[in-house]
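Welcome, and please open the model in your viewer. We will go from stop to stop, selecting a few residues each time and looking at what is there.

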Amino acid sequence: MASSCRRPEHSAPPDVFYNEEEAKKYSQNSRMIEIQTQMSERAVELLNLPEGQPCFLLDVGCGSGLSGDYLSEEGHYWVGVDISTAMLDVALDREVEGDLLLGDMGQGMPFRPGTFDGCISISALQWLCNADKRSHSPPKRLFSFFSTLYSCLSRGSRAVFQLYPENSEQLELITTQAMRAGFSGGMVVDYPNSSKAKKFFLCLFSGVAGVLPKGLGSETSDRNVPNQVQFSGQRCRFKNMKGKSLKKGRDWIMEKKERRRRQGREVRADTKYTGRQRRPHF
């Protein structure tokens, strides 16, 4: 997981953090442009759009339009939404080809049902997990975003979010609200065993459940560490076993180990002794 230190969402709200000075970095820093383009390319690849056919896409947290530039190069039409006026001003100065809209993703997407053929978002979704105002409730803002996004996507389309999760609880919060809104899908992790190259992509399916794409670097990853995290709208519950503690049972231990593997942590291999209760010592 990404470290909590120096995280921009802990510094200030997004409309404050991305001021004029910060916005200029996204048009002048070649390293930022390169990284943004690479992640946009991967997000579009995960969308699995029809080849040779221009699509109408939504870019959530479009910023200065770097992701939109790649969409335009691929022949797609797009609309960008961002909360920072400074970032949108930079996008206007750069004369991006997409349409731009000032808006808070936590208040929902103001588009007609079935408008878009897909959605991408680069490094924006984790901002909704913070309460920047007293009136902000992260679960409610996430659900408002996902439910309105689900409505404005055409059935069978996808939404791909590149994000920097702070911890497993944040991932669970995001995916739970996405499920409540009607999405299916899961987390695709590229290069799960690399601390620098590891990237998290939340791949959501609208209306029709699809096959979760395979993460990059899987051929070199540990076979005990999956690089995909699937979920659906059904909640998984442990069977109620009378006389046994669910929290100390084998099922609970296996689920906890699996969750830690998804986080990229080192976990001991499963054996026949996993979850077996030790004999008391006198």
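Select Ser67 to begin: this residue lies in helix H4. Helices here are DSSP runs of type H or I with at least four residues, strands are E runs of at least two, and both are numbered from the N terminus. Is Ser67 buried or exposed? Ser67 counts as buried, because its relative accessibility is 1%; buried means under 20% relative accessible area, exposed means over 50%, and partly exposed is in between, using a 1.4 Å probe and protein chains only. Now show what surrounds Ser67: apart from neighbours within four places in sequence, Ser67 is in contact with Gln36, Ser40, Asp59, Ile120 and Ile122. Contact means heavy atoms within 4.5 Å.

Before moving on, a word about what is on your screen. This is a predicted model, in which local features need pLDDT of at least 70 and side-chain atom pairs count only at pLDDT 80 or more, while totals for chains, interfaces and linings use all residues. Residues are numbered from 1 along each chain as its sequence is written, and side-chain values use heavy atoms, with hydrogens and water left out.

Zoom out for a moment. The chain has eight helices and eight strands. Of its 282 residues, 45% count as buried. Taking contacts between residues at least 6 apart in sequence, 65% join residues at least 24 apart.

**Where helices cross**

Next, select H3 together with helix H4 (residues 66–73): their axes come within 9 Å and cross at roughly 50 degrees. Axes are lines fitted to C-alpha atoms, for helices over the stretch in contact, and angles run from 0 to 180 degrees between N-to-C directions. H3 and H4 are therefore oblique to each other; angles under 35 degrees count as roughly parallel, over 145 as roughly antiparallel, 65 to 115 as roughly perpendicular, and the rest as oblique.

By class, the contact of H3 with H4 has five nonpolar, four polar and one charged residues. Ala, Val, Leu, Ile, Met, Phe, Trp, Tyr, Cys and Pro count as nonpolar, Asp, Glu, Lys and Arg as charged, and the others, Gly among them, as polar.

Now move to H2 and helix H5 (residues 85–93), whose axes come within 8 Å and cross at roughly 40 degrees. H2 and H5 are therefore oblique to each other, and H2 passes H5 in a right-handed crossing. Look for Glu20, Ala23, Tyr26 and Ser27 in H2, which meet Ala86, Met87 and Val90 in H5. The residues of this contact divide into five nonpolar, one polar and one charged.

**Charged pairs**

Side chains of opposite charge can pair when their charged atoms come close. A salt bridge is a side-chain nitrogen of Lys or Arg within 4 Å of a carboxyl oxygen of Asp or Glu, and by this rule the count comes to seven.

Stay with H2 (residues 20–28) and select Glu22 and Lys25, which both lie in this helix, three residues apart, about one turn. Their salt bridge has its closest N and O atoms 3.4 Å apart. Glu22 is buried, at 14% relative accessible area, whereas Lys25 is partly exposed at 35%.

Then go to H3 (residues 30–47), where Arg42 and Glu45 are also three residues apart, about one turn of the helix. Their side chains meet in a salt bridge (3.3 Å, N to O). Arg42 is buried, with a relative accessible area of 7%, and Glu45 is exposed, with 51%.

For the next pair, select Asp270 and Lys257, whose salt bridge has its closest N and O atoms 2.8 Å apart. Asp270 lies in the segment after helix H8 (250–262) and Lys257 in H8, so the pair ties together parts that are 13 residues apart in sequence. Asp270 is partly exposed at 36% relative accessibility, and Lys257 is buried at 13%.

**Last stop**

Finish at Lys133, in the loop between strand E4 (116–122) and helix H6 (138–152). Lys133 is exposed, at 55% relative accessibility.

Key
A crossing is left-handed if the near helix is turned anticlockwise from the far one by less than a right angle, and right-handed if clockwise.
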